[in-house]
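Q: Hi! Could you walk me through this model? I have a few quick questions.
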Amino acid sequence: MTRKNGETKVSASHHAEREIIVRGISASPGIAIGQVHFLRGDVAAVPPRKIAPAEVELEIERLERAIEETRAAMLQSRQRAMAMAGTAVGRIFDAHLLILEDQELQKEVRGRIAREQFSTEFIVYDTMGRTIELLEKQMGELFRERAMDVRDVRAQLLRFLQGGPDAAPEHPDEPSILVAANLSPTDTLHIDRTHIMGIATDLGGPTSHTAILARSFEIPAVVGLGDISARVKSSQTLILNGNSGKVVIAPTAASLKEYRDKHKRYQQLLANLAGLRDLPAETSDGHAIELHGNIELPHEVESVRTHGGTGVGLFRSEYLFLTREAPPGEEVQFEAYFKAAEGMWPGPITIRTFDLGGDKLHPGRSALAERNPFLGWRGIRVSLSHPDLFRTQLRAILRASVKKNVRIMFPLIASLWEVREAKKALDEAKIALRQEGIAFDEKMPVGIMIEVPSAVILADQLAREADFFSVGTNDLIMYTLAADRGNEMVAKYYDAYHPAVLWAILDTVLCGHKAGISVGLCGELAADPLATALLIGLGVDELSVSAGIIPEIKKIIRSIRFADCQEIAARARELPTAEEVRTLLEAEMKRRFADLPIWFTTER
């Protein structure tokens with residue numbers, strides 16, 4: 001098999017191989033054709049090596065140096081991940097830092113070195129190996145992901161102990177499909193995207209680290225393939241369909257032609273969607289929807305504009321906090337907010353105040369001993385209990401509002417008292433800025449996030465205190481259905497199409513509109529094309545999604561009548577189960593939008 005101009009040429013011997021189809025989980029969309037490129041597995045086993053009693057202190061010193069060097073490398077990886085893909089991806093490396101800095105783990109390693117008098121490499125390998133083994137015996141993707149995290153940390157620590165800090169995987173020199181049992185976040189981060197056309201792994205799910213990183217880097221990926229790393233051979237040709245979760249091993253010439261054609265049509269479709277950039281997001285009968293983008297870094301506003309978004313519906317400001325050892329000062333925050341506002345002008349930009357707590361902890365501090373952090377100290381509660389931190393952020397946001405396109409939004413509001421306290425702090429910041437002669441937008445809109453059932457129940461009261469609502473469906477689903485989507489044991493109960501969730505959204509919309517304020521939606525449901533017509537029919541005024549999905553959502557909006565959306569929503573409200581709602585929406589989508597990427601090249 002040879003290559004010419006980046007295309008696979010199939011030799012006669014290739015046809016002797018039998019084509020095999022393997023199905024896994026679609027992790028990142030797109031079609032890729034390339035040769036198998038294996039990624040090396042876990043670090044080699046470290047044999048025991050005895051040390052003399054006099055060497056114990058030196059070995060512990062080596063451990064301390066390696067920990068510091070590993071920590072520095074992890075911080076660099078996190079910064080790189082943040083710059084390339086945003087805070088959500090950077091948080092993966094926060095977990096690595098917490099593992100590395102686990103005081104109990106470090107204490108055990110030091111103690112074993114002193115007691116057993118083996119080399120630091122062996123003690124690190126063996127001690128962390130026991131943790132990995134324990135995690136791998138547990139059921140569920142969460143435990144597998146944590147085991148992979150520990151493996152990744154162990155590999156990095158051992159590299160520094162053994163004098164090899166380079167963690168980058170070997171790069172292929174031609175179009176390839178990266179195949180591995182699993183990919184560590186560090187290895188995935190260092191993938192050479194010049195020649196890696198796709199990713200195929202034995203393990204993983206739609207929310208695994210590999211899936212998150214592949215989507216962020218726009219690399220087609222299929223995970224959860226079982227034993228594909230054992231079934232393929234190096235340099236063997238693969239077809240990978242990230243839209244459907246299908247991988248073809250040793251494809252025939254006919255299959256290669258079919259998928260090259262599909263890939264070409266898929267790219268043409270995406271190009272056609274890009275042509276919608278400058279067109280308004282309004283239904284075919286003239287009902288306008290504000291279609292905005294979610295960002296975590298100031299420079300991401302350019303991507304929002306490029307994909308046709310007219311504003312930023314959610315600027316996750318906590319990235320400024322999560323990427324530093326100390327809380328960011330006013331100037332640092334002001335520069336970031338102003339840069340984003342200036343880049344999006346004249347379109348609006350909605351800055352959410354720090355949404356810390358839960359799974360978003362500052363890397364320089366340990367998690368509080370909370371039985372359930374998602375029901376604990378997070379969101380607006382953190383800000384109100386740290387008035388200095390809150391005041392600094394409010395001043396920075398106000399200063400960035402001088403171009404009059406900035407909106408502020410408070411997260412995890414559960415009571416009227418919290419809104420009033422937050423607005424009181426904002427008023428105090430305004431007074432101080434006036435006294436200092438610093439300009440800001442006196443009429444900057446103030447909004448709140450609807451994420452918990454109490455906010456839905458009190459929506460009529462909250463609407464009188466806010467200039468706009470934004471429904472955060474990720475948390476609203478979790479709190480409404482008492483199901484943590486990250487917990488595999490209850491993941492099936494976490495369902496965006498549950499009737500209770502749909503009624504919560506509708507109640508919020510009705511209360512907001514009654515008070516004369518707009519209601520947006522910025523959770524993952526907003527980015528699900530299956531839900532677009534439903535949400536419009538429920539009366540949502542604004543959808544805020546990741547930049548890359550804007551063209552697809554805009555096509556749906558522009559291709560359907562508002563009256564039809566209302567009819568779909570009315571029918572969905574009459575259905576008693578999430579399964580029936582989803583069946584209805586799938587039927588409508590397939591009938592109306594068969595050419596969209598979520599259905600295009602999908603093989604059932």
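A: Strands here are DSSP runs (E, at least two residues) numbered from the N terminus. This is a predicted model, where local features need pLDDT of at least 70, side-chain atom pairs count only at pLDDT 80 or more, and totals for chains, interfaces and linings use all residues. Residues are numbered from 1 along each chain as its sequence is written, and side-chain values use heavy atoms, leaving out hydrogens and water.
Q: Thanks! Where does S28 sit?
A: S28 belongs to strand β4, residues 25-28.
Q: Is S28 buried or exposed?
A: S28 is buried (under 20% relative accessible area), with a value of 2%.
Q: And what does the side chain of S28 reach?
A: The backbone oxygen of A214, at 3.4 Å. Beyond four places in sequence, the contacts of S28 (heavy atoms within 4.5 Å) include A214, R215, I219 and G242.
Q: New topic: which strands make the closed barrel?
A: Eight of them, β11-β12-β13-β14-β15-β16-β17-β18, with parallel pairing; strands pair if DSSP finds at least two bridges between them. Neighbouring strands of this sheet are turned by 30° on average, direction ignored, using axes fitted to C-alpha atoms.
Q: How many bridges join β17 and β18?
A: Two, between residues 518-521 and 542-545. L521 of this pair stands opposite L543 in β18.
Q: What else does L521 touch?
A: I505 is in contact with L521, and also with residues including V471, L525 and V540.

Definitions and conventions. Helix = DSSP H or I, 4+ residues; strand = E, 2+ residues; numbered from the N terminus. Buried < 20%, exposed > 50% of the residue type's maximum accessible area, 1.4 Å probe, protein only. Polar contact = N/O pair within 3.5 Å; in protein donor to acceptor, adjacent residues only side chain to side chain. Axes fitted to C-alpha atoms, helices over the stretch in contact; angles between N-to-C directions.
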